[in-house]
Each structure stands twice: as structure tokens, then as C-alpha cells.
Amino acid sequence: MNHTPRTRTVVSCTLLVAALGAGVTGCGSDGNPLSAKPYDAADMISFNGPTGAGKQADPDKPLEITTSDDDGRITDVTAQDSTGRFVAGELAADGSRWHSTSPLAANAHYTVEVSTEDEDGAPGRKILTFDTSKPTTTKRLNVTFGPESGQYGVGQPITAQLDQAVKDKAQRALVERALRVDATPAVQGSWYWVSDKELHYRPKEYWPTHATIQVHSNLDGVRISDRLWGGKSKALKITTGDRIEAVTDASAHQLTYYQNGQAIQSIPVTTGKPGFETRNGVKVVLAKQYFVRMRGTTVGIAEGSSDSYDLPVYYATRVTWSGEYVHAAPWSVGSQGYENVSHGCTGMSTSNAEWFFDHIHEGDIVKVVNSNGNPMEPFGNGFGDWNVDWKKWRTGSALINGTPDGPAPQDALRLQPTAV
């Protein structure tokens, strides 16, 4: 937290040096209050936490720091627990009082560093430590991050599954603020509440190539509601590889494989025929399966009808949970590059499917254009997250409060003094 100190007699000291001439070299550490060693501000600082040995603070109550010295003021307060979590707070305009605005964690050890200045601008400092008591209830909100640790394509969203529903807007903001995503190199990104129990995180654009993304939760011990406290969670680390994009032009019947923006391979394909058109838009590779038995009944086609099928399929790359794949289709080689005859999947020859299978990865981008099919669903049928434009995506964050042109969540988290 930064606070601009008031202008004090340090200015007068500078003027005095100029008046005395060359015989005086400067105020020095005895005269310049800004260069002096901070004095012990213990006598002027009070806080509402416990002071006796073995006593613990109630995490439900905000932390309050006050000064009892009419000739001094608080300039900065930094409160942090032993795990590195900071406590947000507000500083009164006159420096007489600071209070926390974010909840304290239960069963935690806190160190509070209070900076002050006296009427002459001399700096003071006081270090406070205290422990908070255990939560009053055993009900916990646990978070599971996805995907599993490993390397993925640049389209892979981060997911957070909650084991308890969170509906209240203020509680959502508290939870979201505690779910941290750190990328190297850094990118602008945001969480989106898909439901009361699921969040997705993605950058404005695809992840950078060869990036490292680390995800963790600071919810442990944090009070979310009267009956719910944050629980422990397992941190996640993933990396990205090259930027791989497979773009299928359904009207041209061609799939083009791009690596880092360069076209590497062009493959003749067939996509969904009338009535079974392939979904338009961006999808993300969910899984790769060497062999899949595909049945028409799994996508609502009646057994024994003219469109019914039951086929062994090889080199299958899955892009939706409802059954859309890019796969080998040796039975339609004559139509590949010329006509759309599939039931919604993207089919190619066995040799081309094997090449594609070997060069595609989970998290890579598979995009379909110029199809008469419906748009890819944003959620619920795989990862259609990239089909939501950035302005709308930001409205899904509880921290932005529905103002898509406002500051990014990470900017909103920066602690600034606020007059109260």
C-alpha cells in the first residue's frame, strides 16, 4: 500500500543548506528526517487484536490499527499471513486509522508492519504479530483445478470445480479473488463463472507458446459465509507447447494444419452432411483415442434407420463431449476434398488421420469455418470458451461487476489507500 507523505520540514532543511553556503555539506542523517533510522512507534500504535500470550483473534472481526498520537500519523500498513496472503485495507485520509477490508483467514499467523511519521516527517515503524482462531464450523469449500498437470496446447482453459454452490455475488467475488493464476510470460486473463460450482479461466488471446501457468487457491481458512469456510486445494502447473491450429474449411473440404502461424499440412476432408452439419467455431482438443467404436444411437440416430451406423474408428481426436471427432474415415475417401457426407465428424484417410493424430495435442485449437452447422457451444460440450468475445467474457467475472471496460481483475486487486 502506497501513501504520499505530507510535505514537512525536510523542505526547510534544504533551504537552510543553500543559505549557509559552501561551509555546510547537507543536513545529514541527524537533520534529514527521511534518512533517519525509523523510531519505535509502539507507544503511538494500538490495534484491536489480542495481546496476551496464547490468545487468538477472531477471524470474523476486521483488523483495526489506530494512532493515539495527535502529532503523528499512519502512512502505510502491510498485513500478511505466514503463507504469503495479504490483507486488503483502507487508510483514513488523516492517517489516524487503518482497517482491513478483506477477511482474515482462520487458524493463521499474521505479521503486520505499520509505518508512521511524526510531525517533523521522521519515519516510525511497529511490527505486530497475532494468531487467529480455528473456524467455527467444519463445512469447507474445496476447489479442484483442471486439467491435470502437464503440457497442453495454447487453447487449454483452466477450470475450477467447487464442491459447494456459491450464488451470492459478494461471496463469488471473495472466492474468485482467492483463485490465482500466474503465467510466465504474463498475460491478461480472467475467470468466468460458468455455473454456481464451476469457473473457467482464459487469457484475452490464446496462451503464449512455451508458457508456464501456475494455479493455486488462497481460500484455506477464509470465511465465505456464516456456515462455510475455504478448504485446502492442490496447486496446478501446466505448460504450453507450440501454437497448433487445425482449421477446417467445410465448404472447401480442406483442413489446414498451422504451427506457430505457418501452414504445415493441407488435408482433404469431409464434414457433416445436410442435417448433420459440423459445428462452426473454435474447439479445443479434449483427448486422443487410437480406437473408438462409434454408434449412431449415441447421437440420437435410431438403430436400423438409413443413417444408422456402428463402426470401428481409428486415430480419433475428440473435440466435443457429444461425440464430434477428427478421425480416419476410409469409407469416405472418394468424397474427401469434394463433398460433405459425415454425420458431423471431420473424416480423412487413414494415413492422413495417423499424421494428424501424431501432430495434435490436448489443448490445441481445432476450428471449423464455412459450415452450415450451429455455432460451437461456449460451455458444457467441451471447451468452446474462445467463441465468447473478450468483452462478454469479462462480464462473467465477479470482480469486474459487469463493467467489461473496467480494470482487469488483477488491477482491481492492487491495494490503494482509500479515504474513509
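Author: A residue is termed buried under 20% relative accessible area, exposed over 50%, and partly exposed in between (1.4 Å probe, protein chains only). The structure is a predicted model, in which local features need pLDDT of at least 70 and side-chain atom pairs pLDDT 80 or more, whereas totals for chains, interfaces and linings use all residues. Residues are numbered from 1 along each chain as its sequence is written, and side-chain values use heavy atoms, without hydrogens and water.

Reader: How many helices and strands does the protein chain have?

Author: Helices (H or I, at least four residues) and strands (E, at least two) are DSSP runs numbered from the N terminus. On that basis, the secondary structure of the protein chain comes to six helices and 28 strands.

Reader: What percentage of the contacts in the protein chain with a separation of 6 or more joins residues 24 or more positions apart?

Author: The protein chain has 420 residues, and 45% of them are buried. A contact means heavy atoms within 4.5 Å. Among contacts with a separation of 6 or more, the share from residues 24 or more positions apart is 66%.

Reader: Within what arc do the buried residues of α4 fall?

Author: Helix α4 spans residues 350–359, and its buried residues are A353, F356 and F357. These line one face of the helix, because, seen down its axis (by the directions from the axis to the C-beta atoms), they fall within an arc of 100 degrees. S351 and D358, on the other side of α4, are exposed. The arc of the buried face is thus 100 degrees.

Reader: How far apart in space are Q156 and R202, C-alpha to C-alpha?

Author: Q156 sits in the loop between β11 (150–152) and β12 (158–162) and, at 3% relative accessibility, is buried. Beyond residues up to four places away in sequence, Q156 touches P147, W207, V284, E362, G363 and F383. Although Q156 and R202 are 46 residues apart in sequence, their C-alpha separation is 7.9 Å.

Reader: What is the relative accessible area of Y290?

Author: Y290 is placed in strand β24, residues 287–295. Y290 counts as partly exposed, because its relative accessible area is 48%.
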